[in-house]
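Dear colleague,

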There are 4 protein chains.
Amino acid sequence: MAHQKHQSCIDACYACAQACDHCAVSCLQEQDVKMMARCIALDIDCAAACRLAAGYMSRGSEGIKQACAFCAQICRLCAEECAKHKMDHCQACSDACRRCAEECERMAA
Amino acid sequence: MAHQKHQSCIDACYACAQACDHCAVSCLQEQDVKMMARCIALDIDCAAACRLAAGYMSRGSEGIKQACAFCAQICRLCAEECAKHKMDHCQACSDACRRCAEECERMAA
Amino acid sequence: MAHQKHQSCIDACYACAQACDHCAVSCLQEQDVKMMARCIALDIDCAAACRLAAGYMSRGSEGIKQACAFCAQICRLCAEECAKHKMDHCQACSDACRRCAEECERMAA
Amino acid sequence: MAHQKHQSCIDACYACAQACDHCAVSCLQEQDVKMMARCIALDIDCAAACRLAAGYMSRGSEGIKQACAFCAQICRLCAEECAKHKMDHCQACSDACRRCAEECERMAA
């Protein structure tokens, strides 16, 4: 199947989207939400980028390299912000973003 | 984590989105594309519905039941259409749609 | 064109998505973000529902009624929550959600 | 509002998404669908890119430049392919893609 060579990157994208979605709403329930504002905003952006890139790879699209290069950039931003916060959901999200960035960078190369 | 009770349904949604995306572009490469027109159109719709429902579940959204009820309806339509065609990508897509519909129906109940 | 009969509803959906996206990030910059948590969560959900429904209508999809019925439900939830808050972005978002709900309910009927 | 400086680009993105969605399903109803396969595939990709970029701009996201640069690339691919076909939906889609590419390139600069 056209998408099998992309499988580990697709998996990383959907895992990252899920971690970002979960992190965003978990941040909204933290005591100091204000401190989490940038994290929430980047989570929303990153989840959208990951779902888009996964779709491109699943369709074997011409624009895979562009989509993955874009996704990797947003993942890097989100990974750095999440890494600043100690909560489990932020640490897990940071890890997922970093893995996804690495996979997407490989795809975009 | 808020999304863990939804995990098997989230997984089914993303697997279904991937199967639909792959089926759509594979149908476009078939000899008789015209015969696949409804399949392609439903694949596009179904992939979008699955990604949306997965996002709702990952965020523990209030509208999970509504999103999953909607997604299940589109999955049923797509599963039935794909089942009519013998190609591997259609059969695999039909299976993925049926599994996703079942998971979503459980979630919407 | 297949989508012209849906034009006012498509426009309402994209206007609502934009109002929700804007409201979400504006809420994140408010003094008391905690009070806005439900508003932000519903904004994210509603923007996604509106973009999905607009896509279905633009494609003249079979599932238009289902997509619009779903979208209307989420718009109603978001409109009610936003109406509770005095900020301009919440009031504007509440109005956009209500208009979109009405258009989508007409489409789903 | 944070998104007002982006308004003409947001409008161009949603207009392009709608034109692409409409073009994709119209191509599926053409006599010679096979000839339209690349057009359909790029339409799907382009609609997704446009909706993503519009969301980023509506949220005043950090990644606006990256999202718009990515969107512009896909719009250019889709505009070129659509321009090859004489059907009204392809010509209209090509125009919408070109306008959107120009707006996005300005935003990404």
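A cavity here is a set of points, on a 1 Å grid over the protein atoms alone, where a 1.4 Å probe fits but cannot get out, and lining residues have an atom within 4 Å of a point. Grid points are joined across faces, edges and corners, and a volume is the space filled by probe spheres set on the points. The model is predicted, so local features need pLDDT of at least 70 and side-chain atom pairs count only at pLDDT 80 or more, while totals for chains, interfaces and linings use all residues. Residues are numbered from 1 along each chain as its sequence is written, chains are lettered from A and ligands numbered from 1 in the order in which they are written, and side-chain values use heavy atoms, with hydrogens and water left out.

The cavity

The structure holds one cavity of 30 Å³ or more. The largest cavity contains about 880 Å³ of space. It is lined by 41 residues, of which A:Arg51, B:Ala48, B:Arg51, C:Arg51 and D:Arg51 are the closest to its centre. Among the elements that give two or more residues to this lining are α2 (37–58) of chain A and both α1 (7–28) and α2 (37–58) of chain B; helices are DSSP runs (H or I, at least four residues), numbered from the N terminus. The lining has 23 nonpolar, four polar and 14 charged residues, where Ala, Val, Leu, Ile, Met, Phe, Trp, Tyr, Cys and Pro count as nonpolar, Asp, Glu, Lys and Arg as charged, and the others, Gly among them, as polar.

Helix packing

Axes are lines fitted to C-alpha atoms, for helices over the stretch in contact, with angles from 0 to 180 degrees between N-to-C directions. In chain B, the axes of α1(B) and α2(B) come within 8 Å and cross at roughly 160°. α1(B) is therefore roughly antiparallel to α2(B) (over 145 degrees; under 35 is roughly parallel, 65 to 115 roughly perpendicular and the rest oblique). Their contact (heavy atoms within 4.5 Å) includes B:Asp21 in α1(B) and B:Arg51 in α2(B). By class, this contact of α1(B) with α2(B) has 19 nonpolar, two polar and three charged residues.

With kind regards

Note on methods:
1 Å grid on protein atoms, 1.4 Å probe; cavity = no way out; pocket = protein on both sides within 12 Å on 5 of 7 lines; lining within 4 Å.
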